[in-house]
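Here's a quick briefing on the model shown below. Have the viewer open as you go through it.

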Amino acid sequence: MTAAPLLEVRDLEVVFDTRQGPLRALDKVSMSIAPGEILGVVGESGAGKSLTGTAIIGLLDPPGRIAGGSILLEGQRIDNLPAEAMRRLRGAKIGAIFQDPLTSLHPMISVGDQLVETIRTHLPLSATEARARALELLREVGIPAAETRIDHYPHQFSGGMRQRVVIALALAGEPKLIVADEPTTALDVSIQAQITTLLKRLCREHGAAVMLVTHDMGVIAETADRVAVMYAGRVVETGPVEAVTRAPRHPYTQGLMASIPSMQTREAELRQIDGAMPRLNAMPPGCAFHPRCPVVEERCRSSVPRLEATPHAAACWKVAPEALS
Amino acid sequence: MLVFLVKRLLNAAAVMLAVGFLAFMIFRFVGDPVELMLNEQASQQQRDELRVRLGLDKPFVMQFATFIANAVRGDFGISYRNQQDVFTLIVERFPATLELVMLATFLSLVVGIPLGVYSAIRREKPLAKLIQFVSVLGVSLPSFAVGILFILLFSVSLGWLPAFGRGQVVQIGWWSTGFLTHSGRLALILPAVTLSLFQITLVMRLVRAEMLETMRTDFIRFARARGLPDSSVHFRHALRNCLMPVITVTGLQIGNLIAFALVTETVFQWPGMGLLFVQAVTFVDIPVMAAYLMIVSAIFVTLNTLVDLTYALVDPRLKQDAIAGGAGGR
């Protein structure tokens, strides 16, 4: 993190207005991504990692809304842009990849037409030029016989091939940042590694940074430069991926690392973190992790620990003494 | 595609045969045709002669075969009431009904689809809620009531539009059209609007429901994530996905409109098939009723087949299925 960050999320708060009152789904989430960097965002279901991605691409649907904090892209605030201006950013500056390639593509429009449409939305190209570019993108993502495949419909592609098309679509407008929300979760295990490698290589070639949202610590370890660990709508630890995986500081990250099966050590049983993440309408006071924390102490139950401002930072009383105001 | 087509056509032929049997049964067994055709003073000899001429002395199966063979050639016999060839009678009336129905269908699509899209994508707006509310009226008001109200307002009070008839028609071959004369066009307006009112609300509500469903899908979310303009997301991506049910319903409704235009035709004294049928029922003119039944079913079956074929054109997935093994008949 030496250059000016491409994306900076500062104290982001997302609230869902419900009949029972507002539910705070993201609580003072901060993270930043440097140009070309891959940031892994990891956590269990409901930790708010996808929601952070959705807020960044500006597709938060009511009743969800940004209640506080800011999102900056290349130093400009984008969280309060008018809908039309945000629409122009999507695809051109920020691309997105979603979890399920089977349902991400329009079933009745050929992949070529979907690509051409996206390309021409963002780049001043003629139909012929756009088609040539679409073909080039399909080749780049490794679609065999791209010349014929370009006129095929999504149902004629396998899941892995469709996710390649999705990646081509996300890259079509040459975005600086790609928010990839669980890009491999819906795929066969054998295909997952291929897609992850492809994504990593292409983003490097196109100079795009990636926010890789996943619950799979293994994918993060192989792919990401830095990692942000989320728990119950907060970032609990962030840092370079080697540092966080080798020497996790937050008890939650430690638990997460211990629950990954290892090839080296043969253990009879995998360790697991007891209990479940608190629901949004039943958040405990203090540190949200304290009911499950093995090293909990008195002040954890009453006040929220602040995320440190160091390169490898954790939000835990054991490592950070300052309370979050 | 060919296998698919042949399958659909065989299907259609089977349905028509069944309907033909029904029409034949009405013709043969609702009252005695001989009694209906001759006056009361006719002698027994005259009765027997007519019986032989109508072929009623032959075995049942033979009679049915003759009936079908004649029907295929467009020969449905002679109308009891005005002693004219039934088929000619219906063919004369058919253009009037079809023009009315086509205009009503056109109106229902041109008005219904945009209203449906609008009320789905702007569903929080007061106008969208108003449309939704008014559409309940459209569904629940019977067309004869609407027709009479229209006549009262636009013909009697305002005197803008004719209250009945087709106005001046132009003959093009056997087809008579009202589109080419001023009075013909004026006369079409009220009946067509009356007939289309229910269709408009039907199409609108269908499009709205389908749009709301489609707007929640992943591919719409992904289209928005790629920064495509709203107009493209709504009309190119979302609406396209809603067209299948609209095609189905419109196709089937055209059949319904032709069959049930008779209420509207009666209200506006529109010289179409519906009016002919109503008159035939009043006079127990059985050949006309049987022929009407056959022709309306033929239209239904044709439309159904066309709808199935259109699916394959709109949805590439079905085209694939159809080519693969003719399994596209959903």
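**Sheets, helix packing and the A–B contact**

Strand E4 (residues 64-73) of chain A and E5(A) run antiparallel as a pair, held over two bridges; strands here, like helices, are DSSP runs numbered from the N terminus (H or I of at least four residues for helices, E of at least two for strands), and two strands pair if DSSP finds at least two bridges between them. This is a predicted model, with local features needing pLDDT of at least 70 and side-chain atom pairs counting only at pLDDT 80 or more, while totals for chains, interfaces and linings use all residues. Residues are numbered from 1 along each chain as its sequence is written, and chains are lettered from A and ligands numbered from 1 in the order in which they are written.

**The four-stranded sheet of chain A**

- Across from A:Leu73 you'll find A:Gln76, in E5(A).
- The open sheet of four strands goes E2-E1-E4-E5 (chain A), and its pairing is antiparallel.
- Its edges are strand E2 (21-33) and strand E5 (76-77) of chain A, each pairing on one side only.
- Helix H1 (residues 49-57) of chain A lies across strand E1 (7-18), E2 and E4 of chain A, at about 105° to E1(A). Angles run from 0 to 180 degrees between N-to-C directions, and axes are lines fitted to C-alpha atoms, for helices over the stretch in contact.

**The seven-stranded sheet of chain A**

- Another open sheet has seven strands in the order E6-E7-E8-E3-E9-E10-E11 (chain A), with mixed pairing.
- Strand E6 (94-97) and strand E11 (313-314) of chain A are the edge strands, each with pairing on one side only.
- Strand E3 (residues 38-42) of chain A pairs with strand E8 (residues 209-214) of chain A in the parallel sense, over five bridges.
- In E8(A), A:Val210 is the residue opposite A:Ile38.

**Where chain A touches chain B**

- The contact involves 25 residues of chain A and 19 residues of chain B; two residues are in contact if their C-beta atoms, placed from the backbone, lie within 7 Å.
- On the chain A side, helix H2 (83-89), helix H3 (101-104) and helix H4 (111-122) are the elements giving two or more residues.
- H4(A) gives the most, with four residues.
- That side has eleven nonpolar, nine polar and five charged residues. Ala, Val, Leu, Ile, Met, Phe, Trp, Tyr, Cys and Pro count as nonpolar, Asp, Glu, Lys and Arg as charged, and the others, Gly among them, as polar.

**Helix pairs in chain B**

- Helix H11 (residues 273-282) of chain B packs against helix H12 (residues 286-314) of chain B at about 140°, with the axes 8 Å apart.
- That makes H11(B) oblique to H12(B); under 35 degrees counts as roughly parallel, over 145 as roughly antiparallel, 65 to 115 as roughly perpendicular and the rest as oblique.
- B:Met273, B:Leu276, B:Phe277, B:Ala280 and B:Val281 of H11(B) meet B:Val288, B:Met289 and B:Tyr292 of H12(B).
- The residues of this H11(B)–H12(B) contact are eight nonpolar, no polar and no charged.
- Helix H9 (residues 218-225) of chain B and helix H10 (residues 230-267) of chain B pack at about 150°, axes 11 Å apart, and are therefore roughly antiparallel to each other.
- H9(B) brings B:Phe219, B:Ile220, B:Ala223 and B:Arg224 to this contact, and H10(B) brings B:Val233, B:His237 and B:Ala238.
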